[in-house]
Amino acid sequence: MTPPPTNVKQEDIKTKKPKQKTSKISQILDKTTTAFLMVIVVTYISFLTLPIIAVFLKLDIAQISTQLQNQGIIQAIELSLYTALIATLCSIILAVPTGYFLATRKFYGKTVIDTLMDLPLVLPPAVAGIALLYTFAPGGLLGPIFNRFGMIIPGYMGAVIIAQIFVASPFLIKSVKIGFENQDQAVYNSARILTGSRITVFFTISFPLAIRAIISGTLITWARSMGEFGATLMFAGNLPGITQTMPLAIYNMLYSDPIAGVMLSIVLISISFVVIVIVKLLEQKRYGDRK
Amino acid sequence: MIKIESLSKLFNEKKVVENLTLEVKRKEVMSLLGPNGSGKTTLLNMIAGLLHPDSGNIYINNTMVYGTNGTKKVNLKPSERKIGYVFQTISLFPHMKIQDNIAYGLKSLHISQSEIKKRTNTLLDFVDLTEYALLYPNQLSGGQQQRAALARSLATEPQVILLDEPVSAVDPQLRETFRLDLKKYLQKLETTTLYVTHNLNEAFMMADKIAVMGNRHIEQVGDRTEIFDKTQSTFVAKFLGLNIFKGKAIKEQNGHLLIDINNNISVLSTSNPELIGKNVTITIKPEDITFSKTQTTNQNATNNILGVITEMVQTRSTTQVTIDLGFPVKTRTTSTEIKNLGVTVGDKIYVTFNFSEVNVFSEKEST
């Protein structure tokens, strides 16, 4: 009862066919999955980039030169540059030592501190604004102290700077912390064996190895300060020339002077873009690469 | 010279190093051999001053660098201990060129620029990296980076060099060459050296003297023969892959020591009357055991026992044969010999080893 060879062949074909089918099915499945993913990716990327393009489409190139003489625009740009610069400098003074401390010291309750430092990053800006009011306003927590010196914070340029520091400086702490934490202990120990002074080790090894992270963090903090809106509006107000930074001016110009609003928006988009490019380049650069 | 007296260290209430004593003589190269997690790096870091012991004394060239001298507490900074340290990972300063890495230690010596330059060049030449002086560490291979790290550690003219598994940062296929280079440099240096490794072959290749570490202390110190043929602890025997049997020394017989293993097999060893009546540990190297199909009757001092082959494992050129004598015995022979004998698993076979190859010791009481 041995089956004739033809039977065997048929069986072969039988077993082969479904195999081909499954591989075809999986091929089709593969292609469908890719197509499906592509649709999502393209839709999403368009969603993220189209609004930016929309702003640029609103730009009337012929208007640029006249807009550059628009007092409202110039005032807002100047105020933003000035407040963001001071806020960034204050952030460096406060966040670099703090980040270094958190990265290099062990102490009880460190996780709590770490979490608190991250809080402003996710806190809604409007809430940050209210929180700052309840702290620095004349009736707030620290209000009486400022009152004694005849100082009022909200409604003045100082409030803009405080709002920017509160919202943006945690980005710098995070960067600085990563910059110091990611250093190999053996590198540090090698230096300690070769030189007696811890200060020398800090300035020749630890700090230079963290400098890129510090620069990246500083740029992001600055860009975030330039773009601060909610907390500034709530806490500092929207007074042209005093507290009206670029984002607040854009908000005001939406109906009154849309062309100026577009101009300011493009300035802010360009700043964001340049900062992201520099940060990316800093991340990629390896020591010894040609510049 | 490095001298360590009853050193102890706890990590999170767990003892990592306990009552450890070790001496590396002047200009001696010693390998510190032990399994991963045996506390080798901890010991090295304590010698270097990167980690503080809980108790004990450490001396480098007769100077106490850590410990209690009368009532005075001594704890020198790492930079004051006159040591050079090559780490397990690449520890070069990534943002400095090779020549600046090497010159780093020289800059704190308060010597002139031209002297720094001169010494840097000498060190670059010593580790054959002159043409790489202007490159950054990431542009070099693992072996070149470790050579640069060695040169950098030598800049301050250390009296003691500590190396912690320096080979592990090198690509596997380049390790053998790197080991040979390193050995050449260490021999030329003639400086007291402690070389940490978990690799048996490497330990014996790099140094003439070996300290085996395990169970939080030094188990045994000696040269190749002392470690292999006069093993003094079960831990060391296990680490070396020796045969280990527990038995009892019965009596002297014709100038040899008669030992009973498992109450059923007697073996002869070198005379040692002190052990009579004691429980002892016996170690035999797998390669010292030969076997044959017939009983050899040439010498009465040659141990000759009948057993059954239970396992045969072939490696590249040797075959490991396990023979059951009532307890398993590991032997190692060439694959050719196995072929010539024509034996296989299940065959009865005579196991032969000379009395002089039977190492006997009575285990020290360990806590």
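**Exercise 1.** In which loop of chain B is the place of B:Asp171, and is B:Asp171 buried, partly exposed or exposed?

*Solution.* This is a predicted model, in which local features need pLDDT of at least 70 and side-chain atom pairs count only at pLDDT 80 or more, while totals for chains, interfaces and linings use all residues. Residues are numbered from 1 along each chain as its sequence is written, chains are lettered from A and ligands numbered from 1 in the order in which they are written, and side-chain values use heavy atoms, with hydrogens and water left out.

Start with the elements, which are DSSP runs numbered from the N terminus (helices: H or I, at least four residues; strands: E, at least two): B:Asp171 lies in the loop between strand E8 (160-164) and helix H5 (175-189) of chain B. Next, take the relative accessible area of B:Asp171, which is 41%; because buried means under 20%, exposed over 50% and partly exposed in between (1.4 Å probe, protein chains only), B:Asp171 is partly exposed.

**Exercise 2.** Describe the contact of chain B with chain A.

*Solution.* First count the residues in contact (heavy atoms within 4.5 Å): chain B gives 26 and chain A gives 20. On the side of chain B that touches chain A, strand E7 (83-86), helix H2 (98-107) and helix H4 (142-154) each supply at least two residues.

Finally, look for salt bridges (a side-chain nitrogen of Lys or Arg within 4 Å of a carboxyl oxygen of Asp or Glu): the rule finds 0 across the interface of chain B and chain A.
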